[in-house]
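Biologist: I have the sequence and the fold on screen. Can you walk me through a few spots?

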Amino acid sequence: VLCETPAAMDEKQLKELWKLKEHHKVRIQVAEQYIRYPIIKAGLRAVKQGKLGEPNTVNLSVAHDYHGVSLIRHMLNIGLEPVQIYGKKYLFPVTETACRYGAVTDGSIKAWERFYITMEFSSGKIAFYDFSGVQYHSFIRSRHINVQGRDGEWNDTILRFVGENYLPKQERLFPYLDSKYRALETEDLKKAAKNWNPVLELENVQDEYAISSMMLDMREYLERGKEVYPLAEALEDAYIWILMQRATEVPGTVVESSVMPWHTANHFI
């Protein structure tokens with residue numbers, strides 16, 4: 001099964017899913033697609049290549065809840081580890097300019113929740129999550145990524161880092177199209193990937209490509225067992241999302257993660 005996100009909505013369901021995998025050998029993967037967006041993949045490649053040094057801080061304002069958690073973990077280059085979470089949600093009025101179905105031009109105003117959450121991982125790495133649902137469909141609300149390490153920074157579509165002879169370098173990030181998925185490339189996707197844009201764009205064609213690549217990889221998972229998005233990671237994303245909600249219900253409260261069944265000796269620090 002390639003399952004929709006989130007894998008489950010509460011801790012009991014998360015544990016039941018893991019039991020299905022571990023005790024009944026059910027083959028479950030989760031369609032967490034954001035790390036497969038070509039522009040995000042380009043930045044993650046730079047992180048893996050060590051251009052920033054070891055990443056230590058993320059400021060993320062791109063995607064909600066479990067999607068945001070997945071991005072944070074991959075941007076910080078961490079697996080599953082203990083975390084402390086605290087934060088608060090606010091309510092702000094925003095003039096509506098767009099929705100899922102297109103532009104909105106009637107001047108309507110809607111109150112939107114905005115979440116500001118801090119995550120402190122046991123490795124000492126920190127994430128600042130800042131998001132409001134209006135960012136998905138608005139011409140006046142942008143989305144942003146900032147990942148910092150000792151030697152550099154990934155800021156939206158620009159890399160700044162220390163190069164040879166300790167001289168500063170700057171590179172533009174272009175969406176990365178893996179040759180493995182050449183058959184999935186459309187003309188719209190190629191066009192989006194070809195032209196550099198200082199504004200972080202997460203077009204629908206990137207989402208379609210990301211999901212399609214996961215479906216394509218399911219064949220390899222069925223034939224050779226190579227995971228598309230490991231269930232343990234998807235359960236962790238959903239678990240931390242649950243803790244995020246808990247933390248914002250009582251502002252100022254520090255919520256700590258507990259050891260869960262999928263925190264095996266190989267994963268949990």
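This is a predicted model: local features need pLDDT of at least 70, side-chain atom pairs count only at pLDDT 80 or more; totals for chains, interfaces and linings use all residues.

Biologist: How do the axes of H4 and H5 lie to each other: roughly parallel or roughly perpendicular?

Modeller: Helices (H or I, at least four residues) and strands (E, at least two) are DSSP runs, numbered from the N terminus. The axes of H4 (residues 187-194) and H5 (residues 204-224) come within 9 Å and cross at roughly 115 degrees. Angles under 35 degrees count as roughly parallel, over 145 as roughly antiparallel, 65 to 115 as roughly perpendicular and the rest as oblique. H4 is therefore, relative to H5, roughly perpendicular.

Biologist: Which residues of H5 make the contact with H4?

Modeller: Contact means heavy atoms within 4.5 Å. H4 contributes Asp188, Leu189 and Ala192; from H5 come Val205, Gln206 and Tyr209.

Biologist: Is Leu60 buried or exposed?

Modeller: Leu60 lies in strand S3 (residues 55-61). Buried means under 20% relative accessible area, exposed over 50%, partly exposed in between (1.4 Å probe, protein chains only). Leu60 has 2% relative accessibility, so it counts as buried.

Biologist: What separates the C-alpha atoms of Leu60 and Ile145?

Modeller: Leaving aside neighbours within four places in sequence, Leu60 has contacts including Phe128, His144 and Ile145. Leu60 and Ile145 are 85 residues apart along the chain, yet their C-alpha atoms are separated by 5.1 Å.

Biologist: What is the relative accessibility of Ala127?

Modeller: Ala127 lies in strand S8 (residues 126-132). Beyond its neighbours within four places in sequence, its contacts include Val58, Ile72 and Leu76. Ala127 counts as buried, because its relative accessibility is 0%.

Biologist: Which peptide bond is cis?

Modeller: Most peptide bonds are trans. Pro6, in the loop between strand S1 (2-3) and helix H1 (11-24), is part of the exception here. With omega near -10 degrees, the cis bond runs from Thr5 to Pro6.

Biologist: What is the phi of Asp156?

Modeller: Most residues other than glycine have a negative phi. Asp156 sits in the loop between strand S10 (152-155) and strand S11 (158-162). At 10% relative accessibility, Asp156 counts as buried. Its phi is positive, near 55 degrees.

Key:
Residues are numbered from 1 along each chain as its sequence is written. Side-chain values use heavy atoms; hydrogens and water are left out. Axes are lines fitted to C-alpha atoms, for helices over the stretch in contact, and angles run from 0 to 180 degrees between N-to-C directions.
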